[in-house]
Structures are given as structure tokens and as C-alpha cells.
Amino acid sequence: MKRSSLLLNIEYRAISGLSLLYGVRMLGLFMVLPILALYSSHLEHATPTLVGVALGGYGLTQAILQIPFGMLSDRIGRKPVIALGLMLFIIGSIIAALATSIYGVIIGRCIQGSGAVAGAIMALLADRTREEVRTSAMATIGMSIGVAFAVAMVAGPLVAHAFGLEGVFWCTALLAALGLPILWRFVPAAPRQRHRDVGTDRSQFFNMLRRPDLLRLDFSILALHAILTGCFVAVPVRLAALGIPASEHGWVYLPVMATAFIGMIPLIIIAEKYRHMKAVFTGTVISLVFTLTAMSLIPADSWLLVALLWLFFVAFNLLEATLPSLISKSAPAGTKGTAMGIYSTSQFLGASLGGTVGGIVSGAIGSSAVFGAGACLALIWTLVVWRMPEPRYLSSQIISLGPLREEPERVLTERFQSIAGVEDVLVASDEGVAYLKVDRTRLDDEALKQPHR
């Protein structure tokens, strides 16, 4: 009993500490979104195109280095890699804070993104948590990202108003620096283990790239974050055209995003509980086409923009929440970690693409055209997902095998496959677990406890 209590305490420290680290890092990346387009005019060589590159610059280095950093953590340890990532983030923040030209900010943002430690954080969390609590632990990390985004939308304009653009970057450097003692003193260390549900498995990598269902979802997250980052090239400018001071933009974003979160909850229930995922997902993508088109057509000083922003964030929140669920449903047993690695890489590539293209379009045509470009991408996205089959409502489950008693993996696999409700199995004897995809409406829980005994 005492051992169980100690284990739960260690898990709590791991989950809370790593969620805080992840959230702080994303807060630093997000705080620039609502303010860079407005606070970059004093920078030498600043143009809408280069502002867009600076907004999305972190995404390119993040996408390139995320999987290599995860693999490096398998070799030299999780904490050293996470610490390296935080140090790179601090260095990038300082370079951006000291920059006198937009090129310095771009370099700083790219170095910020080069500390691509998302995979290492997830791997350490998996190392330190039991199989039965790992899903909720990962969900906590996801919540920390959502909270960081909401806080950044308010904090970014407030900090920029008080201390300028450089103050925002100094703030992000300080937050990252505070993360280092949290990492070394609060987050418990753990022996490195292999987790196919978290880490990238090189042997599975190309198989994941050959699956149309997963590629469709990878394109979806790329398009979603391209649209989001591109919009933030234009939205701050349009809010300023309404006469809203830059320091008060956060108080527009906060109620819009908070009520949009509430607004998407009924749609999540319809999609997940009542199993209308395809209709809700496709309908939401279509709604983005119309919302972005309307944003591009309304006058620059129209307050209708705020209502359209609300619709945009309802769609964004819904898609941001459902896409990881769809990846989990679609990935074969034991491949979720690899599938999520490719998915996350696509997400950051989307941010880089959206910032760059949004900046080019804004500089060449104007801010309204940025929304029009987003609408065109959303239309392409609609065509990509239009023939998407209704996803199978399967859940992932990890079963600890205990001593294998020299039984071949093939025998154990056949035993699991014979159980009602088990749709897919991967027995990983090197990890001492079996990864299952199950239909919980038909699952024989009692039989599930027996085949590996």
C-alpha cells in the first residue's frame, strides 16, 4: 500500500511538472501571435512578409527537429534533452529581445523553435506513469497547451503595451529559465523505456506515411495551423482598424475564445457520444470556408469581425480537440506514438507555411486577402476530407503482460484476437505490454484478463 501511494505521488509530480514545462514553453511561443504585426514597425526592414515569416519561423525548426530530438532523448536521456531545448528557447528569446531588425527576430524565433522537446517531454511522462493512467496524463498535457494559448492571447498585448515587443521576448526567456529548476528539482527522473504509444518507432515510420486515413488527418492539422497563423498576420491589424487600442486586444480575444470553447462542447458531444464524427468534422471544415470568406469581404472597420472571430474559434477549438482523437482511432495498435509524431510535425509545418504565405499575401494584396487565402485552403481541405469514411469508434488499451513464460508473441496475439471486442493487437514483449484497439461496446473485460496469465 505504501509503495502504491509513493508511486502515485511520483506520477503527480511528473504530470504537474511536465504539464507546466510544456505550457510555459508554448506560452512563450504563442504570446507573439497577437502582437507582432502591431509592434514590429520600429524594426528595421520590417515588412508584412517578413513579419509573417517571424510569426511562423518557429514552426519550421520545430518540425525539422522534433523527431530527431525525441530519438536523441532515447540515447542520452530525457532530462538533458529537455534542458537543452529550454536553453535553446532562452537563447532564441534573448536574440529576439535584443534584435533591432526583423531579421534578428526571425533568427530568434527559429532558435526558439529549435528546442523541439515535445517528444522528449511526452516520453518522460510515459516513463514515469503507469499504463492505466497514461492516457489521462497525456490529456493533461493537452489541456496545458489550450490554457497557454488562451493566456497568451491576453498576456501578449498587456506585456507588449507595458514593455514593448522586446519585453515580450524577455518575459518568455524568464519563463523558460524558471522551467529549468522545475525540471531538475521537481520532475522525477525515470529510466528510459520504449513506449510505442508515445515515441517514434523508425520501423513504423514509412508505414504511417502510406496510410491515406492518417495522411488526411496530417493534412488537416497542417491546414488548421496554417490558417490560424496566417490569420494572426491580419487580425491584429483589423482590430486596430476598429479603434481598439493594441493593449486591449487581449480583452477581445479572451471572451471570444472562452465562449467559443463553451460553444464547441455540444458539437463534441454529438461527434463522440452520438457517433457523428464525420458529419461534425466535415461540417466544421466547411464552416471555416464561409467564415473566412466573410472575414475577407466585410469592410475593414466592421464590428462583424468580432462575431466572425467567435465562429472561427468555435471551429478551431473543435478541430484542435477532435483531430488527436481521430489519430488515436485510426492508428493501428502500437503505432500511435509514431502517428502522433508525424501529425505534430505536420502541425508545425502548417504554422510555418501559414505565417510565411500570410505575410506574402498581406504585403502584396492586403490584410483582407489573408482571410481569402485561408478560405481557399479550407476549401481544398474540404475536398480532402469529403470522402473520409466514418471513423471506427475504437479505444486504445495497454495490457501489462507480466512474465511471458517463454510464450511466442504469435500465441499471445492469437489469444487476444479471440476475445470479443478486440479489433487489433500488437504484442511488444520488449516492453512487457500488449497494445490493443478495442470496441468497448462489445469488449469481454473478464476474458481480457486471462489470455496472458
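**Note on the predicted model**

1. No disulfides: the structure holds zero of them. A disulfide is a covalent bond between the sulfur atoms of two cysteines. For Cys231, the closest cysteine sulfur belongs to Cys376 and lies 12 Å away, which is too far for a bond, because a disulfide requires a pair of cysteine sulfur atoms within 2.5 Å. Cys231 is buried, at 4% relative accessibility. Cys110, by contrast, has a relative accessibility of 22% and therefore counts as partly exposed, since the buried class ends under 20%.

2. Confidence. The model is a predicted one, and its confidence values should be read before the local details. Mean pLDDT for the protein is 89, with 96% of the residues at 70 or more. Residues 1-7 stay under 50 in pLDDT. For that segment, the model has two contacts beyond four places in sequence.

3. The cavity. How many cavities of 30 Å³ or more does the structure hold? There is one, and about 70 Å³ of space lies in the largest cavity. Its lining is formed by Met26, Phe30, Leu33, Tyr58, His225, Leu228, Thr229, Gln347, Phe348 and Ala351.

4. Seven residues of the lining of the largest cavity are nonpolar, three are polar and none is charged. Among the lining residues are Phe30, Leu228 and Ala351, which are nonpolar by residue type. His225, Thr229 and Gln347 also line the largest cavity, and these residue types count as polar.

5. Positive phi in two loops. His45 is not a glycine, yet has a positive phi of about 65 degrees. His45 is placed in the loop that joins α2 (36-39) to α3 (48-76), and its relative accessible area of 49% makes it partly exposed. Because the exposed class begins over 50%, the 49% of His45 leaves it in the partly exposed class. Arg275, likewise not a glycine, has a positive phi of about 60 degrees. The loop holding Arg275 runs between α10 (250-272) and α11 (277-297). Arg275 is partly exposed, with 38% relative accessibility.

6. Is Ala96 buried or exposed? Ala96 is buried, because its relative accessible area is 4%, under the 20% limit for that class. This residue is found in helix α4, which covers residues 78-98. Beyond its neighbours within four places in sequence, Ala96 is in contact with Gly104, Val105, Gly108 and Phe169.

7. Phe261 in helix α10. Phe261 has its place in helix α10, and at 45% relative accessibility it counts as partly exposed. Phe261 and Gly142 are separated by 119 residues in sequence and by 14 Å in space, C-alpha to C-alpha. Helix α10 spans residues 250-272, and the loop that holds Arg275 lies between α10 and α11.

Key: Residues are numbered from 1 along each chain as its sequence is written. This is a predicted model: local features need pLDDT of at least 70, side-chain atom pairs count only at pLDDT 80 or more; totals for chains, interfaces and linings use all residues. Side-chain values use heavy atoms; hydrogens and water are left out. On a 1 Å grid over the protein atoms alone, a cavity is a set of points where a 1.4 Å probe fits but cannot get out, and a pocket is an open set with protein on both sides within 12 Å along at least five of seven lines; lining residues have an atom within 4 Å of a point. Grid points are joined across faces, edges and corners, and a volume is the space filled by probe spheres set on the points. Buried means under 20% relative accessible area, exposed over 50%, partly exposed in between (1.4 Å probe, protein chains only). pLDDT is the predictor's confidence in each residue, from 0 to 100. Contact means heavy atoms within 4.5 Å. Helices (H or I, at least four residues) and strands (E, at least two) are DSSP runs, numbered from the N terminus.
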